[in-house]
Amino acid sequence: MTVRASGPVLVPILGDQLSPDISSLADRKPDDTIILMMEVSDETTYVRHHKAKIALILAAMRHFAEELRKAGWTVDYIKLDDDANTGSFTGEVARAVERHQPRGVQVTEPGEWRVRQDIERWRKDLPVRVRILPDTRFICPLPDFYEWAASRRELRMEWFYREMRRKTGLLMEDGKPVGGRWNFDAENRGGPEAGLEPPALPAFRYDAITHTVFDLVSGRFDKHFGSLDNFGWPVTRAQAERARDAFLKDRLPSFGKYQDAMVEGQDFLFHAALSPAINIGLLDPLDLCRRAETEWREGRAPIEAVEGFIRQIIGWREYIRGMYWLEMPGLAKANGLDASRPLPDFYWTGETDMRCLADCVRTTRENAYAHHIQRLMVLGNFALLAGLRPQDVADWFLVVYADAFEWVELPNVAGMVLHADKGRLASKPYAASGAYIDRMSDYCGNCPFDVKKKTGDGACPFNALYWHFLASNEKKLAGYHRLAQPYATWRRMTDDKRAAYLESAEAFLATLKPAETGWARA
């Protein structure tokens, strides 16, 4: 390493760091800084991301570069199809150091473990000093999360969430939660209702920058999963703010009641659909929560809707990020239930007679989006019950969703969905039979499988798979307090009834066709 006395400071800004107040710029001035932004093939292909996800990030990066230039910054922007592009962050930073001869490199810590390992190596490999700064866009610094985790036997989100409420003051009065309760989740479990017509998401008119990206993605990533036909994500800060304001006005009041509901063909219902904009830096999460709180304080949205929304951001989002860094790198290989079945091909094709799964894959393919209950209790629940390999499932979730970065996707999949972490994150596996899907959706009404039928031909596969899952994992799960009742029910069944469930499940599992290789990773 060479310590230079002169030259600018080189500030690499990554594709999920598109915030003008990013920590790497906090102490910099435009006349002494060169910002480096890099579109590299390593990031577009380490898994074969959904076309819409790639388009979103590249278009947002290009617009952010223009935003920075208008603010007076010098931006060295490397496009994906530039002839000399090395294809990696490390290669492009090395080239930029050679071009600009900076006195140092200053970067905000990345969100993903593999990228952090690359950046740590810059300190050894680059001929200048490298300074890595914490990502201050998160409410809970990682050292604070580690301290919280070290003080607890069980790392449950609810207790962490209460700490974040106290820290931010959101929905607090005189040190106590408004309404006398921390959590209004019991009021947020409404199922679908006839004639439910949520307002449409705002539509955006895309400029030449974005259309150039569409052309690039369509040509270069034509074999990747998904479509650009329905692309509707905000790619500028102004568009993201418009989407934010539309949610707060039009959908937040009903968000709580219907946040767990699933309606075929209603892909967004009353959900915010703001997570991609938050995760790449176009929206500030704490500012968004304060705006939501204002909607309640001014009487425009009920407490159960606002509290539920805020909990997802300052509770779940912050907690998941902390758990990711606490558990890595082991979390990437976790398989606490020894699940070994390969991912079925219908996760990619949507070709299944199970109406719930077919619709969830359809919206995923068309929109790079499915809401949290579709992900957890349909797509994830099936993966859990069928014993799918955690690494296959994690790769799929990372590929297909526009908001999926490993720090948020992997803990959700390994911990919340598959219980592969042996309960570090969740107090029980989120396993459910077809009855839950029937209660919370309209999927079962016209499904060729009968949700009321438990076993045999035409029975909903979720019903037999549920009991098969419990029976197969009894040695590992029977001691869980929250599973005591299901296991007691299983043991009270007659031998013939148990055998019928197991035979039906095995017969169905034998019909699953494994996905071809190459969908997620080349």
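The model is predicted: local features need pLDDT of at least 70, side-chain atom pairs count only at pLDDT 80 or more, and totals for chains, interfaces and linings use all residues. Residues are numbered from 1 along each chain as its sequence is written, and side-chain values use heavy atoms, with hydrogens and water left out.

The rings of Phe138 and Trp407 form an edge-to-face pair, with centres 5.3 Å apart and planes at 90 degrees. Phe138 lies in the loop between E5 and helix H5 (142-150), whereas Trp407 belongs to helix H16 (residues 406-417), 269 residues apart; helices (H or I, at least four residues) and strands (E, at least two) are DSSP runs, numbered from the N terminus. Phe138 is buried, with a relative accessible area of 11%, and Trp407 is buried at 3%; buried means under 20% relative accessible area, exposed over 50%, and partly exposed in between (1.4 Å probe, protein chains only). Trp467 and Tyr501 form a tilted pair, 6.1 Å centre to centre and with 45 degrees between the planes. Trp467 is in helix H18 (residues 461-472) and Tyr501 in helix H21 (residues 495-509), so this pair ties together parts 34 residues apart in sequence. Trp467 counts as buried at 12% relative accessibility, as does Tyr501 at 6%.

An open sheet is formed by 5 strands in the order E3-E2-E1-E4-E5, with parallel pairing; two strands pair if DSSP finds at least two bridges between them. Strand E3 (74-78) and strand E5 (129-133) are the edge strands, each pairing on one side only. Strand E1 (residues 9-13) is joined to strand E2 (residues 33-38) by 5 bridges, and Leu10 has Ile34 in E2 as its bridge partner.

Within strand E3 is found Asp76, which is buried at a relative accessible area of 14%. The side chain of Asp76 makes polar contacts with the side chains of Arg99 (2.6 Å) and His100 (2.7 Å). A polar contact is a pair of N or O atoms within 3.5 Å; within protein, one must be able to donate a hydrogen and the other to accept it, and residues adjacent in sequence count only if both atoms are side-chain atoms.

Conventions: Rings of Phe, Tyr and Trp (its six-membered ring) pair if their centres lie within 6.5 Å; planes under 30 degrees apart count as stacked, over 60 as edge-to-face and the rest as tilted.
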